[in-house]
Amino acid sequence: MVDPYELPTFFKVLREEMKAPEPSVIVTTRPCVLSRDFERRRPLVVHEEQCNGCSRCLDVGCPAITVTRREQQERAHGKVVDLAWVRIEGAACTGCDLCAKACARGAIVPA
Ligand code: SF4
Ligand code: SF4
C-alpha cells in the first residue's frame, strides 16, 4: 500500500514492483479522482511573472499542466538548458497541490 501523493516513495514502489518477477498489486490510499465521492479542492494557477520555466512541476505528470512556451538558454558556464513555461487548466485541476510542492519559486497558488 502506498500514498500516491508521496511521489518519491510512490515512484520507488512502482520501479520495484515493475522489476518483480511475479505478479504484483499496488494499492493506493487516495480516492480515484473519477469517483463520485472524490472531493475536488480549489484549482491552482501559475503566476507567470514568478515562473522561471524550470519545468519541475511537469515531472508530476499531471494532465492539467500544459506548456505555453519553450526556450533554450545558455548559462554562464556554457551549458544549454531547456526551459518550459506552464499554465494549469482549471477545469482539469483537482487542487491536489503536488505541483505547488514541486515548485521552488512558489509560482503555483490557489486560484
Ligand atoms: S515548477 Fe514553478 S517555476 Fe518551474 S515551470 Fe513549474 S510553475 Fe514555473
Ligand atoms: S494541483 Fe494537482 S491536479 Fe492541479 S495542476 Fe497541480 S498536480 Fe495537477
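Predicted model: local features only at pLDDT ≥ 70, side-chain atom pairs only at ≥ 80, totals over all residues.
**Briefing: a protein chain with two ligands**

From the N terminus on, the elements of the protein chain follow the order α-β-β-β-α-β. The radius of gyration of this chain is 17 Å, well over the 13 Å that the globule rule gives for 111 residues, so the protein chain is more spread out than a compact globule.

**Overall form**

- The protein chain holds two helices and four strands, and its C-alpha atoms fill a box of roughly 50 × 35 × 20 Å when this is taken along the principal axes.
- Buried residues account for 12% of the 111 residues in the protein chain.
- The domain assignment divides the protein chain into domain 1 (1-30) and domain 2 (39-110), and the C-alpha centres of domain 1 and domain 2 are 25 Å apart.

**Helix 1**

- Helix 1 covers residues 7-19, which makes 13 residues, and from its first C-alpha to its last it reaches 18 Å, close to the 18 Å expected at 1.5 Å a residue.
- Helix 1 is hardly covered, since the count of buried residues among its 13 residues is zero.

**The ligand shells**

- Around ligand 1 there are 14 residues, of which the closest are Cys51, Cys54, Arg56, Cys57 and Cys103; by class, this shell around ligand 1 consists of nine nonpolar, three polar and two charged residues.
- Around ligand 2 there are 13 residues, with Cys62, Ala64, Cys93, Cys96 and Cys99 coming nearest; the shell around ligand 2 is made up of ten nonpolar, two polar and one charged residues.

**Two residues with a positive phi**

- Most residues other than glycine have a negative phi, which is the background for the two residues that follow.
- Serine 55, although it is not a glycine, has a positive phi of about 70 degrees, and serine 55 is found in the loop between strand 1 (44-46) and strand 2 (65-74).
- With 18 other C-beta atoms within 10 Å, serine 55 is partly exposed.
- Aspartate 97 is likewise not a glycine and has a positive phi of about 85 degrees; the place of aspartate 97 is in the loop between strand 3 (80-88) and helix 2 (98-102).
- Aspartate 97 has 14 other C-beta atoms within 10 Å and is partly exposed.

Notes. Residues numbered from 1 in each chain as written. Chains lettered and ligands numbered in written order. Near = placed C-beta within 6 Å. Nonpolar A, V, L, I, M, F, W, Y, C, P; charged D, E, K, R; others polar. Rg over C-alpha atoms; globule rule 2.2 N^0.38 Å. Buried ≥ 20, exposed ≤ 12 C-beta atoms within 10 Å, placed from the backbone. Domains from an automatic or database assignment. Expected span 1.5 Å × (residues − 1).
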